[in-house]
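The following paragraphs lead the reader through selected features of the structure shown below. Please keep the sequence and the model in view while reading.

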Amino acid sequence: MADAESEGSGGMDAQAKRQVLEALLLAAGEPVSAQKLAGVLGEGTTPSEVRELLDALDAEYAEQARGFRIEQVAGGYQLRTLPELAPFLQRLRPQPPLRLSRAALETLAIIAYKQPITRAELEHVRGVDVGAVLASLLERRLVRIAGHREVPGRPMLYATSRRFLEVFGLSSLADLPTLREIEELLRERAAAAAGEAGGETEPEIAAPAAEQAPADDAEDEDDDFDPDADPGFEPPITTH
Amino acid sequence: MSSESPATGAGQAVPFEPLAEGGAACSIRLPVFDGPLDLLLHLIREDELDITDLPIAQVARQYLEYLELMRELHLDVAAEYLVMAATLAWIKSRMLLPPTGEEGEEEGADPRAELVARLLEYQRFQEAAAELAQRPLLGRETWAPPGVAPPPVPESEREIEVSLLALLEAFRRAMRQAKTSGHAHEVVTEAVTVRERMVAVIDALEASEVVEFESLLRTPDGGWASRAVLVATFLAILELARISALRIYQSVGAHGAPEGPIRLRRAAEGDPRARFEAAG
């Protein structure tokens, strides 16, 4: 290791580079782009080489059944623990897990697909007031203010944040299923529901949803956020 | 909530507990449906109705029955539900009338069309939300290494924490210059909140660990921000300093006196947003 460092990247073989990359991802604390990693590795290394090395490293992790993998998140790479190990990690960190109410998720989804979007437009889609939900999403920094629309009243525009990509493990917004794919899913579900007896697609779609959505997801959003307790600019994220 | 994804059909999930006599005394909080559109979609799903050819009379009846139930349960029926009830009644009446072609309306336009379009759109986003909810979420299903602490401030840079007075002075200077920047006076009511500016400051600090105080008071084109933004930004910075999400520095000159621009630095213990969120 010390040898590799003193020689610079020129003398590093793929094995040594993988080792450095692993260390960088461990220490970075946030997703790091292939470009940045290439720069850190030095001279000869190109971003595409970094991508190949990371793919190889990730394949190694998979092969050795490690507890984490390399994920592409928010335009960069990050080490992340395997979702199936979540119960253990939750026991390790007894803090309340991230909670998102159904209202919060729906509002996020609308913003993600229609950004930048005004509050009035959001409310038109959902058919309800979204003030409290929006405030909560802003506080959690899943949503950011993306300026004003230059119309009378200059309403504020909302967009999803980099943090949104990080939390949802998306490499970019393009990672989201397209609305056409969403409609496809809806159609499949409707078809499956119609032909209940012979429905083969249904279990595949429904099962992971049931598994992965913790009970508290659909609870009253007031548990997450109490608009009445909002004291001016005191961030009202409550600890539950 | 055991067998369903969070974004679809919360409706079935919450059973109605009939109230005991005198039930008005205990207030129950059951936002069973997330608004009138959600309720309508639930009714449609339950009866496997065709959204594009909505049997409006049937849906309107069930909708009203549901509102009645909510009232009996002493649930607050939000205004939005009543507006939708009126809309349904209107559509129903229009369906009964022969098309008149009055008021320049399109011949044969389906009075349900707008509602159907809204329902379809909302349904799409409910599905999109369900898809989002299935992803392994950071902090719920997956975790990432927190990273190493940022390196200490290099000795050569020798910084001291800025006193409140120095900060106030810098702010006053900005306010004075902003006032005399010679633009024609333009009355714009600007809805700017301290919270918004806190988010903006944190965003800036996330993009770069050190940010010049003054740069936060300027617009992207280099001019001074409006007075409302200046004040809100200043309060936001103070608040963030109070909750230790950032620290405020200035370089030390040759004689030990502070000099040069005032800089904001992300709090050392990692993520400013962690502090921001924890402060609540």
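At roughly what angle do the axes of helix α1 and helix α2 of chain B cross? The model under discussion is predicted, and in it the axes of α1(B), residues 36-46, and α2(B), residues 56-72, come within 10 Å and cross at roughly 120 degrees. Angles over 145 degrees would count as roughly antiparallel and those from 65 to 115 as roughly perpendicular; α1(B) and α2(B) are therefore oblique to each other. Their crossing is right-handed. On the side of α1(B), the contact is formed by Leu39(B), Leu40(B) and Leu43(B), while α2(B) supplies Val59(B), Gln62(B), Tyr63(B) and Tyr66(B). Six of these contact residues are nonpolar, one is polar and none is charged. An α-helix has 3.6 residues a turn, so residues three or four places apart point the same way.

Attention now turns to chain A. This chain contains eleven helices and five strands. Of its 240 residues, 33% count as buried. Among the contacts in chain A with a separation of 6 or more, 52% are accounted for by residues 24 or more positions apart.

Within chain A, helix α6(A) spans residues 102-114. Its 13 residues reach 18 Å from the first C-alpha to the last, close to the 18 Å expected at 1.5 Å a residue. Is α6(A) largely enclosed by the rest of the structure, or largely open? Eleven of its 13 residues are buried, so the helix is largely enclosed. The buried set runs through Arg102(A), Ala103(A), Ala104(A), Leu105(A), Glu106(A), Thr107(A), Leu108(A), Ala109(A), Ile110(A), Ile111(A) and Ala112(A).

What do the buried residues of α6(A) pack against? In chain A, their partners are the strands β3 (117-118), β4 (143-148) and β5 (156-160), and the helices α7 (119-126) and α8 (131-139). Chain B also takes part, through its helix α4 (113-133).

Note on methods:
Residues numbered from 1 in each chain as written. Chains lettered and ligands numbered in written order. Predicted model: local features only at pLDDT ≥ 70, side-chain atom pairs only at ≥ 80, totals over all residues. Axes fitted to C-alpha atoms, helices over the stretch in contact; angles between N-to-C directions. Helix = DSSP H or I, 4+ residues; strand = E, 2+ residues; numbered from the N terminus. Parallel < 35°, antiparallel > 145°, perpendicular 65-115°, else oblique. Left-handed = near helix turned anticlockwise from the far one by under 90°. Contact = placed C-beta atoms within 7 Å. Nonpolar A, V, L, I, M, F, W, Y, C, P; charged D, E, K, R; others polar. Expected span 1.5 Å × (residues − 1). Buried ≥ 20, exposed ≤ 12 C-beta atoms within 10 Å, placed from the backbone.
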